[in-house]
Amino acid sequence: MRARAVEGMWRELGGKLTGSVRDGKVPAGLAPAFSTTSPSLAEVVRDINKYSNNVMTQQVFLTLALQKTGVGSFEGARDVLGQWWRQRFGPAEPPVADNGAGLSRGARISAQSLARMLQVAWVSPLMPELAASLPIAGVDGTLRRTQGRATGSAHLKTGTLRDVSAMAGYVHAASGRRYVFVAIANHPNAPAARPAIEALVEWTARDQ
């Protein structure tokens with residue numbers, strides 16, 4: 001976990017790491033060379049969602065297990081997520097988180113389950129933090145280049161892999177209503193669906 005985090009940050013700065021990492025106990029009496037404090041969770045989630053930072057996503061996922069069991073494992077994190085899901089959504093089809101990052105071919109969630117999660121999130125006390133973390137259409141993050149009537153009126157997270165194109169979040173329509181929006185395309189030519197997904201966002205924003 002730590003090796004991947006350091007490697008990811010170093011690579012973003014143009015560096016390259018080789019070799020391997022060995023875990024071990026710090027010798028008794030050895031003082032840390034430096035210490036740092038993490039930003040608040042709301043700040044971390046905002047950076048993750050605005051810019052699709054997969055390294056940070058995985059670290060937050062592993063931290064779920066670390067806080068629960070003292071060990072940051074993928075299996076432990078999946079157990080914590082599964083318990084959280086069952087407590088809030090009961091029999092609704094749960095997501096498959098795999099390694100917790102957006103670049104996993106094993107991860108999946110149904111459009112219905114994702115929409116239900118967004119509905120529940122909207123009425124939670126943490127709704128403002130979640131909504132503020134999502135890219136704003138035509139303004140910032142991964143949606144800054146999006147143009148159209150939805151500019152400034154849609155908070156949406158994008159998702160893109162080979163054979164996958166997706167977008168989900170909230171749209172504030174012209175009628176004053178707010179809609180949960182979920183669109184997922186799974187197909188060898190999924191990138192071609194992006195204009196259709198953006199057109200659907202526009203259609204939702206024009207609702208009167």
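Here is a quick tour of the cores, strands, ring pairs and charged pairs in this structure.

What you are looking at is a predicted model, where local features need pLDDT of at least 70 and side-chain atom pairs count only at pLDDT 80 or more, while totals for chains, interfaces and linings use all residues. Residues are numbered from 1 along each chain as its sequence is written, and side-chain values use heavy atoms, with hydrogens and water left out. Helices (H or I, at least four residues) and strands (E, at least two) are DSSP runs, numbered from the N terminus.

**Nonpolar cores**

- In soluble globular proteins, nonpolar side chains tend to be buried together.
- A nonpolar core here is a set of buried Ala, Val, Leu, Ile, Met, Phe, Trp, Tyr and Cys residues joined through side-chain atoms within 4.5 Å. Buried means under 20% relative accessible area, exposed means over 50%, and partly exposed is in between (1.4 Å probe, protein chains only).
- The largest nonpolar core has 12 residues, including Leu143, Leu156, Met167, Phe181 and Val201.
- At least two residues of this core come from each of β1 (154-161), β2 (164-172), β3 (178-186) and α7 (194-205). The largest share, 3 residues, belongs to α7.
- Another core, of 6 residues, lies apart from the largest one, and Leu114, Leu118, Ala168 and Tyr170 are among its members.

- Two strands pair if DSSP finds at least two bridges between them.
- β1 and β2 run antiparallel, joined by 8 bridges. Here Leu161 sits opposite Val164 in β2.
- The β1 and β2 hairpin has 2 residues between the strands, and Asp163 takes a positive phi near 80°.
- β2 also pairs with β3 in the antiparallel sense, this time over 9 bridges. Tyr170 stands opposite Val180 in β3.
- In the hairpin of β2 and β3, 5 residues come between the strands, and Gly176 in the turn has a positive phi of about 100°.
- β2 is mostly covered, with 7 of its 9 residues buried.

**Ser104 in its loop**

- You'll find Ser104 in the loop between α4 (74-89) and α5 (111-122). With a relative accessibility of 7%, Ser104 counts as buried.
- Its side chain makes a polar contact with the side chain of Asp98 at 2.2 Å, and the side chain of Ser104 also reaches the backbone nitrogen of Ala107 at 3.4 Å.
- For the record, a polar contact is a pair of N or O atoms within 3.5 Å; within protein, one must be able to donate a hydrogen and the other to accept it, and residues adjacent in sequence count only if both atoms are side-chain atoms.
- Not counting residues up to four places away in sequence, Ser104 touches Asp98, Asn99 and Leu161.

**Aromatic pairs**

- Rings of Phe, Tyr and Trp (its six-membered ring) pair if their centres lie within 6.5 Å; planes under 30 degrees apart count as stacked, over 60 as edge-to-face and the rest as tilted. That rule gives 4 aromatic pairs.
- Trp84 and Phe89 are edge-to-face, at 5.7 Å centre to centre with 70° between the planes. Phe89 is buried at 9% relative accessible area, whereas Trp84 is partly exposed at 31%.
- Trp122 and Tyr170 make a tilted pair, because their planes are at 50°, with the ring centres 4.8 Å apart. This pair links distant parts of the chain, helix α5 and strand β2, 48 residues apart.
- Tyr170 is buried at 5% relative accessibility, but Trp122 is partly exposed at 29%.
- Trp84, Trp85 and Phe89 are linked into a cluster by ring pairs.

**Salt bridges**

- Side chains of opposite charge can pair when their charged atoms come close.
- The whole structure has 2 salt bridges, each being a side-chain nitrogen of Lys or Arg within 4 Å of a carboxyl oxygen of Asp or Glu.
- Lys50 forms one with Asp140, where the closest N and O atoms are 2.7 Å apart. Lys50 is in helix α2 (residues 41-51) and Asp140 in the loop between α6 (127-133) and β1, so the pair ties together parts 90 residues apart in sequence.
- Lys50 is buried, at 7% relative accessibility.
- Arg194 forms a salt bridge with Glu198, with the closest N and O atoms 3.1 Å apart. The two are separated by about one helical turn because Arg194 and Glu198 are 4 residues apart in helix α7.

Definitions and conventions:
Contact = heavy atoms within 4.5 Å.
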